[in-house]
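Please consult the sequence and the structure while working through each solution.

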Amino acid sequence: MLVGVTEPATGVWLFPSGDAARLVAHAQHAEALGIDELWWGDEGIARDPFAVCAAAAAATQRLHLAIGVTNPYVRHPAITGAAAATVHELAGGRFTLGLGAGGRLSLAPLGLAPTRPLTDCRAALPVIRAAAAELGVPHLPVAVGARGERFNRWASEAADGAFVSGVPLPLVDDVVAWARSVRPIRITLHLTASFDPDALEAARPSFVHGLVDCPDALRAAAGVSRAAAQAAAAALDAGDPDPARRLVDDRVVDLLCLRGTPAEVVAALAAATDRHRPDAIGIGLLAAGADGVDAGLERCADAFRRLRAI
């Protein structure tokens, strides 16, 4: 590994789409490949990540399981705390709950549009922890996943860790610094990556959500106005991906996602590890279909082996 760097854990983020039994099989496959952590998204209508983690807890022995990330709106925080405590117990402590504000992908289909996301997350965290404690988990590990400064400074103040994932690549430096601004917490850094051109093309329209949520300066660098991003996102929500696909050109993709040869992805992971010294380094994997996920996990594991050999 890099000189002077404590070897970080390795992880992969996946969206829980597809057959539930195959999702559990992906967790088993990740463990067999030597991957340390598997994070499941909680974004929109898909397989329930708490149920997937519970089943995966019984089917694995070493793999750390995590939700990346839930929000205080789609479930009452007390229910989230109870669900998290249940999975934590089933996994023998191999579980982390990720908490954030939620985005268009998770909230818009339910007709939710929060106006006080940081206030609501601040209020949710003690409720989640109290519910978990009531069920015998006195300190449930909670990591905050967000892009903004105020959220990440709050994470540094109140949470156990920060899940830095889905962040536009030019913003990673700032987000990690904010998450360390008050006190040291566990930093899990995942860079979105694709090893499969077909999967990248399938995911291309969804990148418009990142354009809506990112700072104006980043949209300017991509040559996209906020109004155009919002219009394309609204069309995508309504079932028409074409405006988003046209808007998200390769320049936009390269602001949000690593792509290229495995060697190029490894070089980017190595640079991020050297620069930020995260406690865990990982990949937000874009993969299409069950076979694509299996192949993607294998490529992630190969990337991590190469990273450790540097």
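A salt bridge is a side-chain nitrogen of Lys or Arg within 4 Å of a carboxyl oxygen of Asp or Glu. The model is predicted, so local features need pLDDT of at least 70 and side-chain atom pairs count only at pLDDT 80 or more, whereas totals for chains, interfaces and linings use all residues. Residues are numbered from 1 along each chain as its sequence is written, and side-chain values use heavy atoms, without hydrogens and water.

**Exercise 1.** State how many salt bridges the rule gives.

Solution. The count is 21 salt bridges.

**Exercise 2.** Characterise the pair Asp-160 and Arg-129.

Solution. Step 1: the two side chains form a salt bridge, at 3.0 Å from N to O. Step 2: Asp-160 lies in the loop between α6 (149-158) and β6 (161-164), and Arg-129 lies in helix α5 (residues 117-134), so that the pair links distant parts of the chain, 31 residues apart. Helices (H or I, at least four residues) and strands (E, at least two) are DSSP runs, numbered from the N terminus. Step 3: Asp-160 is partly exposed at 28% relative accessibility, and Arg-129 is partly exposed at 22%. Buried means under 20% relative accessible area, exposed over 50%, and partly exposed in between (1.4 Å probe, protein chains only).

**Exercise 3.** Determine where Asp-302 and Arg-306 lie.

Solution. Step 1: their side chains meet in a salt bridge, 3.0 Å from N to O. Step 2: both residues belong to helix α15 (residues 289-309), four residues apart, about one turn of the helix. Step 3: Asp-302 is partly exposed at 25% relative accessibility, and Arg-306 is partly exposed at 38%.
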